[in-house]
Amino acid sequence: MSIKQSLGLALLAIVGATYLGLSYTITVAEHPTLAMLAFSIAPLATLALASAWNAKARGLALGLFAVAAIVTLLNLEPLRAHTAWLYFIQHAGTMTLLCLNFGRTLGHGHENALCSRLTTLILHTSVDARYMYYTWKVTLAWTIYFGCSALLSVVLFFGAPIAVWSVFADLLTPLLIGAMFVGEYLIRVRTMPQRMHFSIAETIRAYRKQS
């Protein structure tokens, strides 16, 4: 890894840690400021705008986005009192969508599971049946993880102090996802040492391209 790549990863880690720390602070704040509210809305608004821009019916989608933006601006004060809900919707919603995205590919053969398709995309070659079965199981593991994460998010948000939910959603979730990536890579290398392997970064890039 070059110095430039190392510095880029270090900067990314710092930015990520700062964002997560601010998210936790805002979530547990009793009286968040408008700046905190804007920080909370920004990721969801950016994703919504990008989705609207890339939609087939772009004009309609952008119109709906504009309406949502106006409604949001007219209800800033009520939103300030429910900032935690914004984070809850983002977290539980993301986990649910990822669970569905992975899970819906499980019933169409090992080679059509999401992780199997990513493997083929990365390696640029056909993969044997044993490897396909392994990547199908990896897809299943991610489906279970995201499903459990979404369920736990709901249980903690409604059944525990907001600080407990925020620790799970804002601080533990990135660590758990990282642990899943590292654990899967180590298992793959150990159980199939003769196969071609790829890095976690390549997996993430392939998922973004596939999406």
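# A guided look at a helical chain

Guide: Welcome! In this predicted model, helix 7 (residues 129–159) has the highest mean pLDDT among the elements of the protein chain, at 93, while helix 9 (residues 200–210) has the lowest, at 67.

Visitor: What is the average pLDDT of the protein chain?

Guide: The average comes to 81, and 86% of the residues score at least 70.

Visitor: How much of the chain counts as buried?

Guide: Of its 211 residues, 28% do. As for contacts with a separation of 6 or more, 68% of them come from residues 24 or more positions apart.

Visitor: Why are helix 2 and helix 5 called roughly parallel?

Guide: Look at how they cross. The axes of helix 2 (residues 34–54) and helix 5 (residues 83–103) come within 10 Å, at an angle of roughly 20°. Angles under 35 degrees count as roughly parallel, so these two helices get that label. As for the hand of the crossing, helix 2 passes helix 5 in a left-handed one.

Visitor: Which residues meet there?

Guide: From helix 2 you have Leu37, Phe39, Ser40, Ile41, Pro43 and Leu44, and from helix 5 Thr83, Leu86, Tyr87 and Gln90. That contact divides into 7 nonpolar residues, 3 polar ones and no charged ones.

Visitor: What makes Gln90 count as buried?

Guide: Gln90, which sits in helix 5, has a relative accessibility of 14%. Buried means under 20%, so Gln90 qualifies.

Visitor: Which residues is Gln90 in contact with, leaving aside its neighbours within four places in sequence?

Guide: Those are Ser40, Pro43 and Leu44.

Visitor: Why is Gly147 called partly exposed?

Guide: Gly147 belongs to helix 7, and its relative accessible area is 25%. Buried means under 20% and exposed means over 50%, with partly exposed in between. At 25%, Gly147 therefore lands in that middle class.

Visitor: How far apart are Gly147 and Cys99, in sequence and in space?

Guide: Along the sequence, 48 residues separate Gly147 from Cys99. In space, the distance is 5.4 Å, C-alpha to C-alpha.

How values were computed:
Residues numbered from 1 in each chain as written. Predicted model: local features only at pLDDT ≥ 70, side-chain atom pairs only at ≥ 80, totals over all residues. Heavy atoms only, no water. Axes fitted to C-alpha atoms, helices over the stretch in contact; angles between N-to-C directions. Helix = DSSP H or I, 4+ residues; strand = E, 2+ residues; numbered from the N terminus. Parallel < 35°, antiparallel > 145°, perpendicular 65-115°, else oblique. Left-handed = near helix turned anticlockwise from the far one by under 90°. Contact = heavy atoms within 4.5 Å. Nonpolar A, V, L, I, M, F, W, Y, C, P; charged D, E, K, R; others polar. pLDDT = per-residue confidence, 0-100. Buried < 20%, exposed > 50% of the residue type's maximum accessible area, 1.4 Å probe, protein only.
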